[in-house]
Amino acid sequence: MDFIDLRSDTVTRPTAAMRAAMARAPVGDDVYGEDPTVNRLQMLAAEMLGTEAALFVASGTLSNLLALMAHCGRGDEYIAGQTSHCYRFEGGGAAVLGSIQPQPLEFEADGTLDLERVAAAIKPDDPHFARTRLLCLENTQGGKVLPLAYLEKAREFTREKGLALHLDGARLANAAVYLGVTLEEISRHVDSVSLCLSKGLGAPVGSVLGGSRELIAVARRWRKVLGGGMRQAGVLAAAGILALEEGMGRLAEDHGNARRLSAGLADLGLPVSPGEVQTNMVFLHLPPAEAGRLCAHLRQHNILIAGRDSLRLVTHRDVSRDDIDTVLAAIGEFVQAGRKG
Ligand SMILES: *Cc1c(COP(=O)(O)O)cnc(C)c1O
């Protein structure tokens, strides 16, 4: 059955071109560093991110964990957003597997962390406290793009405070397209950056971590320890190369579809803020019971949406402009039926 799947941009399926590239990819044993396609992907990623080196990994979760474990050791601390992926949605991996303590802080409305509040959270050099080593930012954060001027300030701030700066750029490509800049113009401000190939960029599997040669060597070591050393991974990297080369070209379309969706929902009188849609996510805040009824109604129309506290609708390559209109019609039907069900 064909669903219109708005749960996440992770649901994109590999294109015919990706499958063809995967089939003909030259491969070798990547644990020995001998997979030519993985090496090509890593060189391309490093070039696009403007980092000395890059590492191909199975997921964004692993990429963030490796960055945290490369920057921090046992008894160290990282500061991150209360709802950031690397703190909230990765099973506590940094603490569980890295012995690294999180210090979560509330995100500001624009997806930044207030640097004065970060400064106040840095622990003094005293054995009562964990050693604060790292600040983690997220871009995009809930679909919002961090201003470049903020990243510049965060860079200066972390240098001054002796912290490293990691960017969870799962959707960095969406941020770059929104700002009309290259990936490197964003990632130049940070010490390490994680980018998902498997979201809007459309690869079936994988993320890349960019950073200094030294940091990537440490991350490579932890990747093996954590069981993430892959062998003939070139079949996956081949799709990742196409994601990097061609995936960004069409993200503006996803952003346009999200704006169209948000404007349509506002026209239906639903509580959305079309002015706030910057990239490929629309949030719809409904009381839980009503949200549940809407999900069920849409399911009957073969439309999938996700959400717990608020509903999140994500546009991506496998959702067309016509699909957006189909979704709006189905939600319109729900609204006309009185939302109460
Ligand atoms: C999706 C995502 C990740 C990593 O997700 P994986 O499913 O592990 O690839 C990390 N950070 C953010 C902000 C994400 O949205």
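**Sheets, domains and ligand surroundings in a predicted model**

Three strands form an open sheet in the order β9-β12-β11, with antiparallel pairing. Its edge strands, β9 and β11, each pair on one side only. The model is a predicted one, in which local features need pLDDT of at least 70 and side-chain atom pairs count only at pLDDT 80 or more, whereas totals for chains, interfaces and linings use all residues. Residues are numbered from 1 along each chain as its sequence is written, and side-chain values use heavy atoms, with hydrogens and water left out. Helices (H or I, at least four residues) and strands (E, at least two) are DSSP runs numbered from the N terminus, and two strands are taken to pair if DSSP finds at least two bridges between them.

Strand β11 (residues 306-307) pairs with β12 in the antiparallel sense over two bridges; here A306 is placed opposite R312. Helix α12 (residues 251-267) packs on this sheet, where it touches β9 and β12, and its direction makes about 20 degrees with that of β9. Contact denotes heavy atoms within 4.5 Å. Axes are lines fitted to C-alpha atoms, for helices over the stretch in contact, and angles run from 0 to 180 degrees between N-to-C directions.

A second open sheet comprises seven strands in the order β2-β8-β7-β6-β5-β3-β4, with mixed pairing. The edge positions belong to β2 (53-57) and β4 (101-105), each of which pairs on one side only. Strands β6 (residues 164-168) and β7 (residues 192-196) run parallel and are joined by three bridges; the partner of L167 in β7 is V193. In a regular strand, side chains alternate between the two faces of the sheet. Helix α2 (residues 36-49) lies across β2, β7 and β8 (207-211), and runs at about 125 degrees to β2.

The protein is divided into domain 1 (4-9 + 250-340) and domain 2 (14-246), with bounds taken from an automatic or database domain assignment. The contact between them takes 13 residues from domain 1 and 19 residues from domain 2. Their C-alpha centres lie 29 Å apart.

The ligand is surrounded by S59, G60, T61, N64, H85, E90, E138, D168, A170, R171, C196 and K199, a residue being near a molecule if one of its heavy atoms lies within 4 Å of it. An N or O atom in the side chain of T61 is 2.6 Å from an oxygen atom of the ligand. For D168, a polar side-chain atom lies 2.6 Å from a ligand nitrogen atom. In the case of R171, the distance from a side-chain N or O atom to an oxygen atom of the ligand is 2.9 Å. On its own the ligand has 390 Å² of accessible area, of which the protein covers 82%; accessible areas come from the Shrake-Rupley method with a 1.4 Å probe.

Two loops contain backbone features of note. N139 and T140 are joined by a cis peptide bond, with omega about 5 degrees. T140 is located in the loop between β5 (131-138) and α7 (148-161). S99, a residue other than glycine, has a positive phi near 55 degrees. The position of S99 is in the loop between α5 (93-98) and β4.

Terms used. A polar contact is a pair of N or O atoms within 3.5 Å; within protein, one must be able to donate a hydrogen and the other to accept it, and residues adjacent in sequence count only if both atoms are side-chain atoms.
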